Amino acid sequence: MALKDSIAKYMDAGYPMFYINTFEESKTESMLKSIADGRRVAIWSIAGGYSEYDTKNNEYLISQNKDDAFELQNVLERKLCDENELNRSILIIKDAHIVLENEEVKAALKEIAVKISEGLDSCVVLISSVVTIPVELEKYITILENDYLGFGEIRDIIKGFAEDNGINALNPTLLDELAVALKGLSEYEILNFLSLALADDGELTRKDLSLIFEQKKQMILKSGTLEMISLNESINDIGGLENLKKWLIRKSAIITNIPAAEEFGVDMPKGVLIAGVPGCGKSLCAKATAKLFEIPLLRLDIGKLMGKYLGESEANFRKAINLAEAISPCVLWVDELEKAFAGIGGDGGHEVTTRLFGSFLTWMQEKTSAVFVVATANDITKLPPELLRKGRFDEIFYVGLPNNSERAKIFDIHIKKRRKNAKIDISRLVSKTDGYSGADIEGVVKEAVESAFANKKDELSTEDILDAIKNTNSLSVIMKDSLDRMKKEYENRKLKNASA
Ligand code: ATP
């Protein structure tokens, strides 16, 4: 449901207080005025102080700004003394995260919330780009996210921008490409990015897409919940894991052709959980998936969502998910899943983590958007069983240590990346590296190339790599016990092996 509709519904149902998490203050203010339904709209901000807007005649009332109206606390106390000041009104408070640090403001808002809960026709809307909900107000506040712009709206903004700047009609393909690149951004950010793109040569061209992509990466990073990752690795950079690769290629036929797949009745894929031995290509697969699907890759660090205020972590989670859905189709990579949700349900289960886990499960279960989740985990035994049940992920794959033919392919990939023309006897390397992970193999090749260079050799040789192998302890030696335990667990659970 759009923000406008949901807030109108909550308001009619007598909810006292809303917290709208947005950068777009003026757009939100206009939206609130449009649903005021004859109520007075009072607005307070740090810079503007207090003012009132008459929604019947669409005009600002003579500002009641006195010197003391810049102090929110005075405004709230005046309203508490005279209920007529509150009745049939919407009180909008901007810069909420700053003013909610004040004890008197918190106490007055609580009193107002109680009055509204008891039947007064009013509501308070707190607006801020940062969610900070004090415990005292937690049970009165409903957190809402501003809507992201739809594809059509973004196209209209670009067209409007082009017209305003005297740019001839944009070619429709470029217009669509720009709109896709600008998904997930606010109108303010879109106009800024377009101005920046225009500034260098006075034109909007395909060249500007990479500039927009870089700027968007920064914006997403600043939002604090997601990170946009550049796509450098492809499916051909993964040695082995043939079952998993085949499965991903099948899903790519859907994701790269969503309208036709939907038309045919294909369900939108939810995603995949890739679990198993460290350094064996799980992260590599997450990155290669986005490249294969030709869509952006967003990384979600669940640990970073944890906030100090009650409800803040779930609000951050919703914010991340809303952003991912606005950018969709995209791959959402949830890294180190077991670290985020370890111990849930047991004695050590932390309340916030448990609630966050609940939100994640519900979202996965109900998800119909084109956000393809790739979750990676080292130790599946630490994950709560609910996560592994049907309906959450489309499939769970186990990644073990690479077998002989996989090690041969991994050696080949990493040698070719560095020394294309080297003549190496890979079968000799394979026979000496049983128990090595993909990361171990990459490490060995790197070291051999470095030492061949240091020893002023013309080319990398098989012997250089064999020497590096001698100096390396394989993962299976370092982690023998836990690898054996993991392997047994995966066999017991009959998980699909990523390798053929
Ligand atoms: P962790 O659980 O420790 O995060 P991981 O399973 O995600 O490990 P990756 O980060 O994907 O492991 O692997 C580390 C590096 O090792 C990769 O960047 C890649 O260079 C190399 N590597 C691992 N497995 C493979 C593979 N199957 N094919 C090619 N390279 C591999």
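Is R407 buried or exposed?

1. R407 is buried, at a relative accessible area of 1%, where buried means under 20%, exposed over 50% and partly exposed in between, with a 1.4 Å probe and protein chains only. The model is predicted, so local features need pLDDT of at least 70 and side-chain atom pairs pLDDT 80 or more, whereas totals for chains, interfaces and linings use all residues. Residues are numbered from 1 along each chain as its sequence is written, and side-chain values use heavy atoms, without hydrogens and water.

2. D434 forms a salt bridge with R407 (a side-chain nitrogen of Lys or Arg within 4 Å of a carboxyl oxygen of Asp or Glu), with the closest N and O atoms 3.8 Å apart. D434 itself is exposed, at 61% relative accessibility.

3. R206 and E177 also form a salt bridge, their closest N and O atoms being 2.9 Å apart. R206 is exposed at 55%, while E177 is partly exposed at 25%.

4. The largest pocket has a volume of about 710 Å³; a pocket here is an open set of points on a 1 Å grid over the protein atoms alone, where a 1.4 Å probe fits, with protein on both sides within 12 Å along at least five of seven lines, and lining residues have an atom within 4 Å of a point. The volume is the space filled by probe spheres set on the points, which are joined across faces, edges and corners. Of its 26 lining residues, V180, E294, I295, P296 and P329 are the closest to the centre.
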